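Subject: Structure for you to look at

Hi,

Here is the structure I promised to pass on. Please open it and keep it in view while you read my notes.

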Amino acid sequence: MSWNEDWASAALCQKSVPDELFVRGAEQHKAKVVCAACPVRGECLAEALDNRIEWGVWGGLTERERRAVLRKRPQVTSWSALLRTAKEEHERATGSGSEAVPA
């Protein structure tokens with residue numbers, strides 16, 4: 001499946017209570033379970049990284065995990081472009097519409 005610009009309407013968390021995604025500690029693991037099967041996980045993660053969103057679980061990553069990604073790759077100017085390209089390359093390589101998001 002290709003990149004979804006209208007990703008928020010397709011997000012699995014739309015069926016969740018928003019407060020369940022903005023938690024701390026061990027409760028974050030429960031929020032990440034929702035993200036694991038989400039068809040727009042990459043799009044959500046790109047949104048959080050591009051906009052430096054500090055709270056909640058986005059794209060399956062906690063605030064701490066997203067900060068680590070940003071520190072590791074400071075040269076990235078558009079996470080949306082990077083993750084979109086990676087997703088398209090993965091789909092071409094595997095010949096599938098897989099929703100896997102490259103690490």
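Below is what I found, from the whole chain down to single residues.

First, a caution. This is a predicted model.

**The overall fold**

Start with the secondary structure. The protein has four helices and zero strands. Along the sequence the pattern reads α-α-α-α. The radius of gyration is 13 Å, close to the 13 Å that the globule rule gives for 103 residues, so the protein is as compact as a globular protein of that length. Along its principal axes, the C-alpha trace spans about 35 × 30 × 20 Å.

Of the 103 residues, 33% count as buried. The exposed surface comes to about 6500 Å², and carbon and sulfur atoms supply 55% of it.

Contacts come next. Take those between residues at least 6 apart in sequence. Of these, 56% join residues at least 24 apart.

The protein has 15 positive and 15 negative charges. Their mean positions are 7 Å apart.

**Helix α1**

Look at residues 27-36, which form α1. Which residues of α1 are buried? They are Q28, A31 and C35. Seen down the axis of α1, these buried residues fall within an arc of 60 degrees, so they line one face of the helix. An α-helix has 3.6 residues a turn, so residues three or four places apart point the same way.

What covers that buried face? The cover includes α2 and α3. Turn to the other side of α1 and you find H29, K30, V33 and A36, which are exposed.

A36 and G59 are 23 residues apart along the chain, and their C-alpha atoms are separated by 8.4 Å.

**Helix α3**

Move on to α3, residues 63-72. Here E63, R66 and L70 are buried. Viewed down the axis of α3, the buried residues fall within an arc of 65 degrees, so they line one face of this helix. Note that E63 and R66 are among the buried residues.

Where do the buried residues of α3 pack? They pack against α1, α2 (41-50) and α4 (79-94). On the other side of α3, R64, R71 and K72 are exposed.

A26 sits in the segment before α1. Is A26 buried or exposed? Its relative accessibility is 60%, so A26 counts as exposed.

R52 lies in the loop between α2 and α3. R52 is not a glycine, yet it has a positive phi of about 50 degrees. Its relative accessibility is 46%, so R52 counts as partly exposed.

**Where to begin**

Find α3 first, and trace its buried residues to α1, α2 and α4. Then look for the buried face of α1, with α2 and α3 among what covers it. Finish with R52 in its loop.

Best wishes

Key: Residues numbered from 1 in each chain as written. Predicted model: local features only at pLDDT ≥ 70, side-chain atom pairs only at ≥ 80, totals over all residues. Heavy atoms only, no water. Helix = DSSP H or I, 4+ residues; strand = E, 2+ residues; numbered from the N terminus. Rg over C-alpha atoms; globule rule 2.2 N^0.38 Å. Buried < 20%, exposed > 50% of the residue type's maximum accessible area, 1.4 Å probe, protein only. Contact = heavy atoms within 4.5 Å. Areas by Shrake-Rupley, 256 points an atom, 1.4 Å probe, with all protein chains shown as cover. Lys, Arg positive; Asp, Glu negative; His and termini not counted. Charge placed at Lys NZ, Arg CZ, Asp CG, Glu CD. Arc of directions from axis to C-beta.
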